[in-house]
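Student: I have a model open and I'd like to go through it. Can we start with the terms?

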Amino acid sequence: MLSGAELLLNDAAPPAPRLSPKPKPSALAAQEAASNCPRPKSPPGGINQILFTGFAAAHRADLEQKAQDFGLRVMSTPGKTLTFLCYGDNAGPTKVAKALAAGAFIFDAEQFLNLITTGEMP
């Protein structure tokens with residue numbers, strides 16, 4: 001027999017503790033991501049900027065033309081107002097690190113083509 005079981009069966013039992021509702025996992029993830037990542041700065045003129053790195057020259061030129069046709073400003077070096085970084089197989093770690101520090105969205109060529117085709121972020 002358990003000691004104190006009689007308290008649970010009568011009115012003498014202490015009230016149940018009140019628990020605060022747990023936040024949803026998606027809200028926790030969003031909150032954590034927002035606190036760990038820098039916020040991107042607004043690009044000058046409101047035109048989003050993109051940088052391509054790690055591509056062969058011909059492939060990069062094709063991607064840059066598609067970006068310009070989509071209305072993006074193509075950059076050659078990462079800056080504080082960089083919005084997107086599109087990386088290829090030979091992407092340098094320095095540019096990727098600078099883009100991360102600027103709060104840029106980083107994706108590969110396939111995801112970039114999906115962005116300009118559908119308008120949706122990967």
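Predicted model: local features only at pLDDT ≥ 70, side-chain atom pairs only at ≥ 80, totals over all residues.

Tutor: Start with burial: a residue is buried under 20% relative accessible area, exposed over 50%, and partly exposed in between, using a 1.4 Å probe and protein chains only. By that cut-off Phe112 is buried, because its relative accessible area is 0%.

Student: OK, strands. What does E3 pair with?

Tutor: Strands (E, at least two residues) and helices (H or I, at least four) are DSSP runs numbered from the N terminus, and two strands pair if DSSP finds at least two bridges between them. E3 (84-87) pairs with strand E1 (residues 49-53) in the parallel sense over four bridges. Four bridges also join E3 to strand E4 (residues 105-108), and these two run parallel.

Student: Which residues stand opposite Cys86?

Tutor: Phe52 stands opposite Cys86, and Cys86 stands opposite Phe107 in E4.

Student: And what do E3, helix H4 and E4 make?

Tutor: With helix H4 (residues 93-102), E3 and E4 make a right-handed β-α-β unit. Right-handed means that, with the strands pointing away from the viewer, the path from the first strand over the helix to the second runs clockwise.

Student: Switching to rings. How many aromatic pairs are there in the whole structure?

Tutor: A search of the whole structure finds five. Rings of Phe, Tyr and Trp (its six-membered ring) pair if their centres lie within 6.5 Å; planes under 30 degrees apart count as stacked, over 60 as edge-to-face and the rest as tilted.

Student: Why is Phe52 with Phe112 edge-to-face?

Tutor: Their planes are at 85°, so the pair is edge-to-face, with the centres 5.2 Å apart. The pair links distant parts of the chain: Phe52 is in strand E1 and Phe112 in helix H5 (residues 109-118), 60 residues apart.

Student: And Phe107 with Phe112?

Tutor: That pair is stacked, at 6.4 Å centre to centre and 10° between the planes. Phe107 is buried, because its relative accessible area is 1%.

Student: Which residues form the aromatic cluster?

Tutor: One cluster is formed by Phe52, Phe55, Phe84, Phe105, Phe107 and Phe112.

How values were computed: Residues numbered from 1 in each chain as written. Heavy atoms only, no water.
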